[in-house]
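Here is a short report on one protein chain. Keep the sequence and the 3D view open while reading.

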Amino acid sequence: MRFHSRHPGVMHACGHDLHSAVMLGAALQLNAQADRLAGRVRILFQPAEEIARGARQFIEAGVLDKVQAIFGMHNEPSLPVGTFATRSGAFYANADKFIIRVTGKGAHAAYPEQGVDSIVTASQIIQALQGLTSRSFSALDSLVLSITRIDGGKSWNVLPGGVEFGGTARTHDLQVRAELEQRVRTLVEHFAEANGAQATLSWHPGPPVLINDAHWATFSSEVAQQAGYRVQTADLHLLGEDFAFYLQQVPGAFVSIGSASDFGLHHASFTPDEALIAPAADYFARLARQALQHLNARCREAILN
């Protein structure tokens, strides 16, 4: 492969290099037309989306100063090349991370009564968390809580003194997000207490819900149709995306462009179709030009009125 990580055996497998190629193509087109543009275009090549720090660092650096509209993209493996999707309102979910540490009392596996079994306690908490999301919240709420790792014990015949496990919680509802953290905390503490153990919850808020501006979502779809894309309304995503931080400051829209990969994001065999690059570059150059024209027309109307 002509492009690969500088670190052997490591890949992010999300297509951020592809996104960069798209925006470089758009930048080249816009630069060639700079003297005919109805305003200024700022293109952001932002690092650290994966750890939800990049957008906030860019905002603190002033990249949104005087910006009136903002647009972003992510390739979508499940959509064919030539397909475009977005939606108004909530689109991507918040993506919070949590870590739970259970402290019991170690003992020989032959005499569990002499200890406090942190593995049993952790397993009860994990089971209860799955029931919490399905029985304490409406089935109509977009909510998922997944345990993604467990670490406890080093020997086959010793009950460990502690277990650590963690995962992620995601929703599109701000009230559900706040309530879930409190409910998880209560559940963790009470199950641990019932077993004679102790447990702590560390909750790490990630990107907030990504909320597209209705006007700019419609506008971006209309431009995509003009550019020859098959346009459809996107489904709600439970993925996280730190572009949400920009949309808290400036109205705009985040969009999906089909990359037709047989394997999804972050899969070791993820292979987006590079045929999407040139049309997407054309699209974003067109979108920037028309957005500038639209903003200028709106300013003129405001002055005349």
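Start with threonine 171, which sits in strand β8 (residues 162-171). Helices and strands here are DSSP runs, numbered from the N terminus: helices are H or I with at least four residues, strands are E with at least two. Threonine 171 has 2% relative accessibility, so it counts as buried. Buried means under 20% relative accessible area, exposed means over 50%, and partly exposed lies in between (1.4 Å probe, protein chains only).

A polar atom of the threonine 171 side chain lies 3.2 Å from the backbone nitrogen of aspartate 173. Leaving aside residues up to four places away in sequence, threonine 171 touches Ala93, Asn94, Ser142, Leu143, Val176, Arg177, Val209 and Leu238. Contact means heavy atoms within 4.5 Å.

## How the model is read

This is a predicted model, in which local features need pLDDT of at least 70 and side-chain atom pairs count only at pLDDT 80 or more, while totals for chains, interfaces and linings use all residues. Residues are numbered from 1 along each chain as its sequence is written, and side-chain values use heavy atoms, with hydrogens and water left out.

## The chain overall

The protein chain has seven helices and 12 strands. Its C-alpha trace spans about 80 × 50 × 35 Å along the principal axes. Of its 305 residues, 41% count as buried. Among contacts in the chain with a separation of 6 or more, 82% come from residues 24 or more positions apart.

## Helix α4

Aspartate 173 returns here as a cap. One of its side-chain oxygens lies 2.8 Å from the backbone nitrogen of glutamine 175, at the N-terminal end of α4. A polar contact is a pair of N or O atoms within 3.5 Å; within protein, one must be able to donate a hydrogen and the other to accept it, and residues adjacent in sequence count only if both atoms are side-chain atoms. Helix α4 (residues 174-194) has 21 residues, which at 1.5 Å a residue should span 30 Å; the end C-alpha atoms are 31 Å apart, which agrees. The expected span is 1.5 Å times one less than the number of residues.

Which residues of α4 are buried? They are Val176, Arg177, Leu180, Val184, Leu187, Val188 and Ala192. They cover an arc of only 115 degrees around the axis, so they lie on the same side of α4. The arc is that of the directions from the helix axis to the C-beta atoms. The buried residues of α4 pack against β4, α3 (118-135), β6 (143-151), β8 and β9. On the other side of α4, Gln175, Ala178, Glu193 and Ala194 are exposed. Just after α4, glycine 196 takes a positive phi of about 75 degrees.

## Helix α1

Helix α1 (residues 16-32) has 17 residues and should span 24 Å at 1.5 Å a residue; its end C-alpha atoms are 24 Å apart, which agrees. Its buried residues are Leu18, His19, Val22, Met23, Gly25, Ala26 and Leu30. Their arc is only 150 degrees around the axis, which puts them on the same side of α1. The face turned away from that buried side carries the exposed residues Leu28, Asn31 and Ala32.

Strand β2 (residues 83-86) is covered on both faces. Thr83 and Ala85 are buried on one side, Phe84 and Thr86 on the other. Two strands pair if DSSP finds at least two bridges between them.

Strand β2 runs parallel to strand β11 (residues 230-233), and four bridges join them. There, threonine 83 has arginine 230 as its bridge partner. With strand β12 (residues 252-258), β2 pairs in the antiparallel sense over two bridges. Phenylalanine 84 has isoleucine 257 as its bridge partner in β12.

## Aromatic pairs

Rings of Phe, Tyr and Trp (its six-membered ring) pair if their centres lie within 6.5 Å; planes under 30 degrees apart count as stacked, over 60 as edge-to-face and the rest as tilted. By this rule there are 11 aromatic pairs. Phenylalanine 98 and tryptophan 203 have ring centres 5.7 Å apart and planes at 20 degrees, so the pair is stacked. Phenylalanine 98 lies in strand β4 (residues 96-103) and tryptophan 203 in strand β9 (residues 198-204), so the pair ties together parts 105 residues apart in sequence. Both residues, phenylalanine 98 and tryptophan 203, are buried.

The rings of tryptophan 216 and phenylalanine 219 have centres 5.1 Å apart and planes at 80 degrees, so this pair is edge-to-face. Both lie in helix α5 (residues 214-226), three residues apart, about one turn of the helix. Tryptophan 216 and phenylalanine 219 are buried. Elsewhere, ring pairs link Phe91, Tyr92, Phe243, Tyr246 and Phe254 into a cluster.
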